[in-house]
Amino acid sequence: MAAASAVSVLLVAAERNRWHRLPSLLLPPRTWVWRQRTMKYTTATGRNITKVLIANRGEIACRVMRTAKKLGVQTVAVYSEADRNSMHVDMADEAYSIGPAPSQQSYLSMEKIIQVAKTSAAQAIHPGCGFLSENMEFAELCKQEGIIFIGPPPSAIRDMGIKSTSKSIMAAAGVPVVEGYHGEDQSDQCLKEHARRIGYPVMIKAVRGGGGKGMRIVRSEQEFQEQLESARREAKKSFNDDAMLIEKHVEVQVFGDHHGNAVYLFERDCSVQRRHQKIIEEAPAPGIKSEVRKKLGEAAVRAAKAVNYVGAGTVEFIMDSKHNFCFMEMNTRLQVEHPVTEMITGTDLVEWQLRIAAGEKIPLSQEEITLQGHAFEARIYAEDPSNNFMPVAGPLVHLSTPRADPSTRIETGVRQGDEVSVHYDPMIAKLVVWAADRQAALTKLRYSLRQYNIVGLHTNIDFLLNLSGHPEFEAGNVHTDFIPQHHKQLLLSRKAAAKESLCQAALGLILKEKAMTDTFTLQAHDQFSPFSSSSGRRLNISYTRNMTLKDGKNNVAIAVTYNHDGSYSMQIEDKTFQVLGNLYSEGDCTYLKCSVNGVASKAKLIILENTIYLFSKEGSIEIDIPVPKYLSSVSSQETQGGPLAPMTGTIEKVFVKAGDKVKAGDSLMVMIAMKMEHTIKSPKDGTVKKVFYREGAQANRHTPLVEFEEEESDKRESE
């Protein structure tokens, strides 16, 4: 099935051109409509939950805590040594350390988490997303210890969480499933034979888990073994289970309770992915007609009832252009993208989870769940899209976000000054917006993304802006191949900054210098000090200052003339610009109000170390301030053409040793960082002279990993 849509019930390409936009009318405020009806469903059979432990970290832990606090439920956080100062720790009523940074020794340690629940007297554990959220053994352990697991029963996790089992159940029930192999024989040879039978390309996918971990696309038999081993290692790290299934590639929110009821809350489209992970989700899916929506919802409810499902779950399907769909898998947890469903249905799904875990019935009947408006979620990651979306770690030196309101949500677990850790997923936040229709929601998404400003590390914000502004995305023509298909348009090469932008940057720098001088004057109480003036004022003449700014790799000379009226004339090459403006503050941010040749603009101004950052509604620019060579640190050059560590991480596997001859593209070693596995390839043909790291060692970003022997051609070039 080519370019199939991976929706949270998937989409239909053929019908998209018939999608009718709702009129852009103001709808009533987002209200949790079901609250008024909850009394009707309240039962006396449940257990009272007054304290809940959240067995997770980051934004999902903070999300669960907000609802718990709203309900008057006390919260208990657990944290690793790396998360000691994290936002979720500060938000909780109590917090307990559970071990070192590696998740296998902390967030995946079932015994430690159960012990904290007992020590803190928490009646329930909410597993969040990822980590232990789909772990049958953990759900069973909670049950044995008399602790409420806020999720489905262990049997449902077993039947639906292990993807090969779920597909067998669906197939036995007559539900069509994706062609693939989901069997017990997990030998390399057996898997390879089934891959050959299915036909390349195939996807290797971990039996347990999700989130892009343990998934590899294999395009030919020659690369099958390497990709299989890589997927096994990553799955073992993330889920402690390395069993694989293979399928041809190509999501409906469901809820069940302890009383046999189940409902669906419509579909989400999650087609646009990179590294098999979603980055933009929306609800409802564009182009889905109401009768198809109903069929998908009903099929999802049948799947949930087949395993006596309780709590929040997502049933994923593959759909073709003719609306034929087949079951793919069920995620037995609250999904990362659940806020878009909340926005279009006016519900709080975490509150539903807590109430259902306490024994109450589902708060709304199927007929009472209505769909209103359209919502988008954009996942903001610390990653470098131009470097194959490589995750990055580091401090959030500056962080400012759009203002939250009933139709704009910022789901995050970090604050300005926090560090994106090398040990965990690099997601910074989820930006969620709602509006009356898809086009209005898309406009709001782009407007809000421009207000999400981060300095200190690479992010995917500009990529998300390009993606959400692509004509095909605007038209709703989304599918799982969207990013590869439109790669060139989405990853635009850096353009030279406009001369007007360079004038803005120069003015921002001059005005910042002036502000610092004014501060010095106030503190020094010496108005005649030579350091107390930066106005450039001269008697009878205009002062001209020569500045150099760096745009990418190019130095740009700017001749700045200080005019007597406080304006500036700036000459760049053969063009002169008349520039004036001022700085002002809003909250914690500094803004530059500027006019260049009579065209006024406003931008957020941040100057950190040797870089000027300008954020405006048109986008963002970075302009460097050149540093003299004698002040700059030695640049990190590759050692004899050898590879550098793309990021800080652990060396998982080393394939070469001194003396080995390698060809360009050969695998040299494997690094594990931010829960993902990265294969380091040789940049050229050559002979290995030295391998700098052993397996298990930690390598810092941009440090040399392997050194090559100097070749004759290299010697001649150096001569």
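Good morning. The term salt bridge here means a side-chain nitrogen of Lys or Arg within 4 Å of a carboxyl oxygen of Asp or Glu. D418 counts as buried at 15% relative accessibility, whereas R415 is partly exposed, with a relative accessible area of 29%. Buried stands for under 20% relative accessible area, exposed for over 50%, and partly exposed for what lies in between, with a 1.4 Å probe and protein chains only. Elsewhere, salt bridges that share partners join R63, R66, K70, E342, D348, E351, R355, E360, R409 and E411 into one network.

Please note that this is a predicted model, in which local features need pLDDT of at least 70 and side-chain atom pairs count only at pLDDT 80 or more, while totals for chains, interfaces and linings use all residues. Residues are numbered from 1 along each chain as its sequence is written, and side-chain values use heavy atoms, with hydrogens and water left out.

Across the whole structure, a search finds 40 salt bridges. One of them links K681 and E226 through their side chains, at 3.5 Å from N to O. K681 is partly exposed at 39% relative accessibility, and E226 is partly exposed at 36%.

Another salt bridge brings us to a helix. The side chains of R293 and E267 meet at 2.7 Å, N to O. Why does this pair tie together parts that are 26 residues apart in sequence? The reason is that R293 lies in helix α10, while E267 lies in the loop between β11 (262–264) and β12 (273–274). R293 is buried at 12% relative accessible area, and E267 is buried at 1%.

Helix α10 itself covers residues 290–306, and its 17 residues reach 24 Å from the first C-alpha to the last, close to the 24 Å expected at 1.5 Å a residue. That expected span is 1.5 Å times one less than the number of residues. Helices (H or I, at least four residues) and strands (E, at least two) are DSSP runs, numbered from the N terminus. The buried residues of α10 are V292, R293, L296, G297, A299, A300, V301, A303 and A304. After α10 comes N308, whose phi is positive, near 50 degrees.

I turn now to the strands. D551 belongs to strand β26 (residues 543–551) and is buried, with a relative accessible area of 7%. Which side chain does the side chain of D551 meet in a polar contact? The partner is R494, at 2.7 Å. A polar contact is a pair of N or O atoms within 3.5 Å; within protein, one must be able to donate a hydrogen and the other to accept it, and residues adjacent in sequence count only if both atoms are side-chain atoms.

Finally, strand β30 (residues 589–596) is mostly covered, with seven of its eight residues buried. Strand β29 (residues 575–586) pairs with β30 in the antiparallel sense over eight bridges; two strands pair if DSSP finds at least two bridges between them. V579 stands opposite V596 in β30. The hairpin of β29 and β30 has two residues between the strands, and G587 in the turn has a positive phi of about 65 degrees. β30 also runs antiparallel to strand β31 (residues 599–608), joined by six bridges. K593 has K602 in β31 as its bridge partner.
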